[in-house]
Amino acid sequence: MFEVLQYEFMQNALLAGLLASVACGIIGVYVVVKRVVFISGGIAHSSFGGIGLGYYLGIHPVLGAMFFAMAGALSMGLVTRRTRLPEDTAIGILWAMGMALGIIFIGLTPGYAPDLFSYLFGNILTVPAFDLTLMIVLDGIIILLVSLLYKEFLLISFDEEFSKVSGVPTERLYLLLLGLIALTVVVLIRVVGIILVIALLTIPAAMARQFTYKIKTMMLLAILFGTIFTFSGLWLSYLLDLASGATIILVSGVALFISFGINKLRSKVRNHG
Amino acid sequence: MAQEVVKLDNIWVHYDGIPVLEEVSLSIEANAFLGIIGPNGGGKTTLLKVILGLIKPSRGKVTVMGQTPEKGRKSIGYISQHNLFDRDFPINVFDVVLMGRYAKSGIFRRYTEEDRRIATDTLKSMGMLEYRDRQIGRLSGGEQQRVFIARALVTDPKLLLLDEPTASIDPNMQAEFYELIDSLKERMAIVLVSHDMSAVSIYVEDIACLNHRLFYHGSKEISADELEKTYHCPIQIIAHGTVPHRVLREH
């Protein structure tokens, strides 16, 4: 089975899996502890509008997605903070509007939209070199900003009111965090696709949370789990000839349930022993 | 005369056109130990948030340490009704207290050795140093309260604001809590708000009643008439009991 590793497409796939795991390991922890899973889903889905725009204008769809994800993050953040619209209502509306725009743009584009399915559900085996470079750059931005603003992000995640009183520019940092979620979505699109992004943003972090109560350790563990899931999902999909994105998600989900189960059993044993 | 830490001048706050605070004026001096009591929904938390600059009054002027609340609030230690925070949040006691030092360090800076030393000393003075590595949710309500007080104290505030501080504490720990607060009153002004008059009135020096309007007495002897104005219901005063008022009937 190891001879497959000689192929460039396989090496690229592994690199893409690793880069995706770094982004979702770091940002996924904030998504989980700050409980912004739904807004992250909204950002991911609204980026579909950018995929459509990319086809329509003849530019790279991932760049269109990046623009839309950032715009979606900013507008969802501002609408949920500054208007009286309930947060989940606002997210649901922008979520669907982004997707609707994508469909309209694709409809307006003459001819057939190649690879459309891979943007929706991912295809880690066909990640082009340009996308890999983009993923490296975005990972770099994420690592840099999180290490510079680690204590600020911790403050706004734990207690927004106190952070505001302490002088943290709370709303701006919240918007920045949503922006980083948007970048993470872009990193993950090629691996698991827009529809499945939310699973990789939550599962590795949720699993890591069972083993530690330190944010930094949680991030490192989440990166490790994400890497294990993408690599084993990739290997299984290759072996069984299944869709890679979906296989990665199912492997992650099953692993999470098993680890929840083991934890439950362990605490039962502890309570009775 | 002692220095004035907070001045509220004819404050009005409306939510959707409905007044929550009406014509509230209050002056808090540097050595004050004030209890504000009033029914739930009477505007107690709103009043604290006005002082902190988290809510802008629709009318009136707020001064904190002679400045706007946004500038002056770095001299305030604030302890919110913290029963809202996520008990499972992955953070330990020491890091919660260290957060309090943000006001002194600012954006992009790392916490210094001095910040860590102050956090350690403050935890020690609250008797919580042995729990420094414990996840915050794995403490009792009273222990969590001490951690949040430590977080408020690390900036050496001139004013401590406590919102319903005893709500999350076991009733037989409340005396201990008030003694702790009492030990701080030499160092700063203290304002605590509560709907539970019984405990508050034993320890604080001054009492004000708040139900949209503020009735300030300057001492803790409140007449039945004044209490009735606050609670809008007949109240019986019992001079030294642990239950100083009783609601007599529906109204």
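A salt bridge is a side-chain nitrogen of Lys or Arg within 4 Å of a carboxyl oxygen of Asp or Glu. By that criterion Arg213(B) and Glu23(B) form a salt bridge, their closest N and O atoms lying 2.8 Å apart. The model under discussion is predicted. Over all chains it holds 19 salt bridges and 14 aromatic pairs.

- Chain B contains 9 helices and 11 strands.
- Of the 251 residues in chain B, 53% are buried.
- Among the contacts in chain B with a separation of 6 or more, 63% are between residues 24 or more positions apart.
- Chain B has an accessible surface of about 11,700 Å², and carbon and sulfur atoms account for 48% of that surface.

- Arg213(B) forms a salt bridge with Glu23(B), with 2.8 Å between the closest N and O atoms. This pair links distant parts of the chain, since Arg213(B) belongs to strand 9 of chain B and Glu23(B) to strand 2 of chain B, 190 residues apart.
- Arg213(B) also meets Glu22(B) in a salt bridge, at 3.1 Å from N to O. Arg213(B) lies in strand 9 (residues 213-216) and Glu22(B) in strand 2 (residues 18-29) of chain B, so this pair ties together parts that are 191 residues apart in sequence.
- Arg213(B) counts as partly exposed because its relative accessibility is 33%.

**Other salt bridges**

- Lys44(B) and Glu164(B) form a salt bridge in which the closest N and O atoms are 3.8 Å apart. Lys44(B) is in helix 1 (residues 44-51) of chain B, while Glu164(B) is in the loop between strand 6 (159-163) and helix 7 (174-182) of chain B, so the pair ties together parts that are 120 residues apart in sequence.
- Both partners are buried: the relative accessible area is 5% for Lys44(B) and 7% for Glu164(B).
- In chain A, Lys34(A), Arg81(A) and Glu160(A) are joined into one network by salt bridges that share partners.

**Aromatic pairs and charges over rings**

- The structure holds 14 aromatic pairs over all chains. In one of them, the ring centres of Phe177(B) and Tyr178(B) are 5.3 Å apart and the ring planes stand at 70 degrees, so the pair is edge-to-face.
- Phe177(B) and Tyr178(B) are both buried.
- A cluster built from ring pairs contains Phe158(A) together with Phe85(B), Phe89(B) and Phe148(B).
- The charged end of Arg59(B) sits over the ring of Trp12(B), 4.8 Å from the centre of that ring.
- Arg132(B) lies over the face of Phe94(B), with a distance of 4.2 Å to the ring centre.

**Nonpolar surface patch on chain A**

- Tyr56(A), Leu57(A), Ile59(A), Leu63(A), Ile104(A), Leu108(A) and Phe130(A) make a nonpolar surface patch of about 680 Å².
- At least two residues of the patch come from each of helix 3 (48-57) and helix 5 (87-108) of chain A.
- Phe130(A), one of the patch residues, is found in helix 7 (residues 129-148) of chain A. Its relative accessibility of 44% means that Phe130(A) counts as partly exposed.

**Residues with positive phi**

- Arg35(A) is a residue other than glycine with a positive phi, near 55 degrees. Arg35(A) is located in the loop between helix 1 (8-33) and helix 2 (37-46) of chain A, and at 60% relative accessibility Arg35(A) counts as exposed.
- Glu23(B), the salt-bridge partner of Arg213(B), likewise has a positive phi near 55 degrees in a residue other than glycine. Glu23(B) lies in strand 2 of chain B and is partly exposed, at 45% relative accessibility.

Note on methods:
Residues are numbered from 1 along each chain as its sequence is written. Chains are lettered from A and ligands numbered from 1 in the order in which they are written. This is a predicted model: local features need pLDDT of at least 70, side-chain atom pairs count only at pLDDT 80 or more; totals for chains, interfaces and linings use all residues. Side-chain values use heavy atoms; hydrogens and water are left out. Patches are made of residues with over 30% relative accessible area and no salt bridge: like charges are joined within 9 Å, nonpolar side chains (Val, Leu, Ile, Met, Phe, Trp, Tyr) within 5 Å. Accessible areas come from the Shrake-Rupley method with a 1.4 Å probe; for residues, only the protein chains shown count as cover. Helices (H or I, at least four residues) and strands (E, at least two) are DSSP runs, numbered from the N terminus. Buried means under 20% relative accessible area, exposed over 50%, partly exposed in between (1.4 Å probe, protein chains only). Rings of Phe, Tyr and Trp (its six-membered ring) pair if their centres lie within 6.5 Å; planes under 30 degrees apart count as stacked, over 60 as edge-to-face and the rest as tilted. A charge sits over a ring if NZ of Lys or CZ of Arg is within 6 Å of the ring centre and within 35 degrees of the ring normal. Contact means heavy atoms within 4.5 Å.
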